[in-house]
Amino acid sequence: MPMNSFLGVFAKSPLKPLEDHINLVHQCSQGLLPFFEAVYAEDWKTAQEQQQAISKLEKQADVIKRELRINLPSGIFMPIQRQDVLDLLTQQDKIANKAKDISGRILGRQLTIPEQLQVQFLEYLQRCLDATEQAKQVINELDDLLETGFKGREVKLVEDMIERLDSIEDDTDRLQIGLRRSLLSIEKNLNPVDVMFLYSIIEWVGELADISERVGSRLELMLAN
Amino acid sequence: MDIIQTYGFMLIVTAAAVGFIMAWGIGANDVANAMGTSVGSKALTIKQAIIIAMIFEFAGAYLAGGEVTSTIRNGIIDSSYFTNTPELLVYGMISSLLAAGIWLAFASYLGWPVSTTHSIVGAIIGFAAIGVTSDSVHWDEVTKIVGSWIVTPAISGFIAYLIFQSAQKLIFDTDKPFENAKRYVPFYMAAAGFVMSLVTIKKGLSHVGMNINNSTGYLIAVAIAIVVAIAGRFVINKIKFDPQAGRATHFANVEKVFAVLMIVTACCMAFAHGSNDVANAIGPLAAVVSIVNNGGEISEKAQLVWWILPLGAVGIVAGLALFGHRVIATIGKGITHLTPSRGFAAEMAAATTVVIASGTGLPISTTQTLVGAVLGVGMARGIAALNLGVIRNIVISWVVTLPAGAGLSIIFFYMIKGIFAA
């Protein structure tokens with residue numbers, strides 16, 4: 001039966017895939033917790049399995065990313081700017097990439113976290129993952145934002161959530177400074193190359209929170225116009 | 001004159017058959033557009049949609065289809081040019097039906113969303129302007145009709161925008177969206193019921209032989225509105241809502257209330273569609289029948305013969321019953337993020353616009369009006385994504401339809417004339 005229905009005007013919504021994407025990305029970054037648990041125990045076999053799980057989730061997120069891009073032709077009319085959606089997607093994707101990079105590098109070098117730093121590092125990692133969790137929550141409000149036509153109370157609510165995301169990111173900055181200081185105090189006793197990599201790992205973990213914050217601010221920009 | 005007396009019965013049967021097939025096509029194809037939003041937003045199942053469409057398409061066609069039928073029958077053409085050659089008008093109307101029917105079949109085959117209304121109006125203008133003389137066309141009337149094709153989507157878009165914004169203000173952007181939905185949704189139902197019944201009473205019922213004076217008409221419309229609202233309220237209260245739904249999903253319950261409202265607007269949409277589109281199939285038939293029955297005399301004021309409106313209505317329902325299921329099934333899939341609250345705003349705006357146009361006798365395109373309404377909701381940032389490319393194609397196919405319908409009807413006109421001249 002040929003279709004001559006006008007319903008072709010309804011394009012595929014980009015919001016649901018955006019939510020699916022951040023949920024996967026978040027799940028992927030959460031994989032860092034069991035991964036580091038294995039690293040702390042120096043159980044490299046489990047660590048490798050965890051790394052593979054992270055990598056697999058990252059690939060799934062990539063698939064959603066690609067599909068979403070293909071389904072967003074330029075002649076599309078949305079309540080939010082097309083470019084903003086694409087930018088947001090790019091940022092979200094970076095979280096998963098970062099999680100994969102962190103786990104990949106640790107595993108590749110069989111880099112251990114010095115015992116004196118382990119508690120502090122875990123706290124830091126957890127806080128950074130709180131930021132990605134918050135970014136996930138924010139993006140999952142897109143449904144309700146659409147329901148309310150991107151205005152009114154719901155916008156206020158999302159803005160508050162983004163503010164909370166910002167303050168989590170501030171926390172991680174503070175924790176990062178403390179962690180670096182602790183590393184500095186013990187670095188003389190460690191292998192210099194390992195120390196360099198540790199610094200870069202600390203930085204990368206911090207980027208999880210940075211990028212999460214950027215996800216929030218992209219969304220804020222969307223709401224502004 | 002002789003031709004009409006000799007072949008009169010045959011001409012009526014031919015016109016009736018072609019008109020019935022046309023109505024059948026409208027039922028099979030166009031109804032998908034009218035009901036698609038309801039099915040797409042999952043407010044109705046396909047079966048429910050078909051049942052609603054059958055009842056309300058029939059009611060709309062029968063009760064409110066008269067005005068537009070008169071316009072198609074004798075509003076576009078100045079029949080004084082045919083006083084001495086009434087058979088030409090009969091041939092012309094039959095060719096118009098054939099032309100519009102074939103064009104629609106062809107366009108459906110290619111998947112173009114063309115308008116039945118545009119095809120038939122184009123076809124009638126075509127045979128009259130080229131086959132007879134361009135003076136025989138009521139150009140001022142045609143300008144009015146074509147103008148309405150631009151104005152009605154704009155109006156319906158504007159109404160949809162307002163309805164959507166009002167729902168936002170009253171329900172969504174409040175502390176207690178769910179409670180407010182339960183409180184205000186019956187009012188929307190009442191409004192829909194009021195407009196539909198008022199237009200029907202004031203414009204439609206005279207065609208079925210009922211005359212109701214002004215104040216009684218208003219009273220009846222208000223009464224119907226109240227009945228609809230109370231029934232709606234009752235249904236809403238009976239629905240089981242998920243009490244566990246936390247803040248995160250509170251709009252899900254609100255949408256359930258709107259899904260009930262959408263049943264009402266779906267009825268309105270089917271009614272409006274029936275009232276406007278039945279004329280495309282039976283307007284030309286009505287002209288043929290009136291000429292033949294009057295022995296070749298063309299009278300502008302003749303009453304519609306009683307069996308014509310029901311014939312069109314039955315045709316639409318038959319098309320629906322046979323093919324509607326398949327057509328609606330294909331469109332039901334694939335619409336994402338069209339929640340009942342948006343579908344309702346678009347449907348209510350489109351139905352109101354169409355039914356008012358039907359009341360004033362303007363043959364407008366239901367689909368076009370619906371597209372305008374959807375854009376209106378989109379402008380209010382209510383719909384996740386719209387394909388502007390598809391909208392452009394729709395507009396192009398509408399523009400092409402006028403000359404295509406005209407060209408085909410000219411060809412058929414000369415063919416039929418040739419057959420009878422021999």
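Predicted model: local features only at pLDDT ≥ 70, side-chain atom pairs only at ≥ 80, totals over all residues.
**View 1. Overall build of chain B.** Chain B contains 13 helices and one strand, and along its sequence these elements follow the pattern α-α-α-α-α-α-α-α-α-α-α-α-β-α. The radius of gyration of chain B is 22 Å, close to the 22 Å that the globule rule gives for 422 residues, so chain B is as compact as a globular protein of that length. Taken along the principal axes, the C-alpha atoms of chain B fill a box of roughly 80 × 50 × 35 Å.

**View 2. Packing of helices α1 and α12 in chain B.** Helix α1(B), residues 2–40, packs against helix α12(B), residues 366–379, at an angle of about 20°, and the two axes are 10 Å apart. Because angles under 35 degrees count as roughly parallel, α1(B) and α12(B) are therefore described as roughly parallel to each other. The crossing in which α1(B) passes α12(B) is left-handed. On the side of α1(B), the contact is made by Asp30(B), Asn33(B) and Ala34(B), which meet Thr366(B), Thr367(B) and Leu370(B) of α12(B). By class, the residues of this contact divide into two nonpolar, three polar and one charged.

**View 3. Packing of helices α3 and α4 in chain A.** The axes of α3(A), residues 44–70, and α4(A), residues 82–109, come within 9 Å and cross at roughly 160°. Because angles over 145 degrees count as roughly antiparallel, this pair of helices, α3(A) and α4(A), is therefore roughly antiparallel, and the crossing of α3(A) and α4(A) is left-handed. The residues that α3(A) brings to the contact include Ala47(A), Ile54(A), Glu58(A), Lys65(A) and Arg69(A), while those of α4(A) include Leu86(A), Asp93(A), Ala96(A), Lys100(A) and Leu107(A). The contact of α3(A) with α4(A) is divided into ten nonpolar, six polar and five charged residues.

**View 4. Contact between chains A and B.** Chain B gives 42 residues to the contact and chain A gives 29 residues. On the side of chain B that touches chain A, the elements that give two or more residues are α1, α4 (86–110), α6 (139–172), α10 (308–332), α12, β1 (386–387) and α13 (388–421) of chain B. This side of chain B has 23 nonpolar, 16 polar and three charged residues.

**View 5. Strand pairing across the two chains.** Strand β1 of chain A, residues 76–77, is joined to β1(B) by two bridges, and the two strands run antiparallel. Within this pairing, Phe77(A) stands opposite Leu386(B), which belongs to β1(B).

Key
Residues numbered from 1 in each chain as written. Chains lettered and ligands numbered in written order. Axes fitted to C-alpha atoms, helices over the stretch in contact; angles between N-to-C directions. Helix = DSSP H or I, 4+ residues; strand = E, 2+ residues; numbered from the N terminus. Parallel < 35°, antiparallel > 145°, perpendicular 65-115°, else oblique. Left-handed = near helix turned anticlockwise from the far one by under 90°. Contact = placed C-beta atoms within 7 Å. Nonpolar A, V, L, I, M, F, W, Y, C, P; charged D, E, K, R; others polar. Pairing = 2+ DSSP bridges. Rg over C-alpha atoms; globule rule 2.2 N^0.38 Å.
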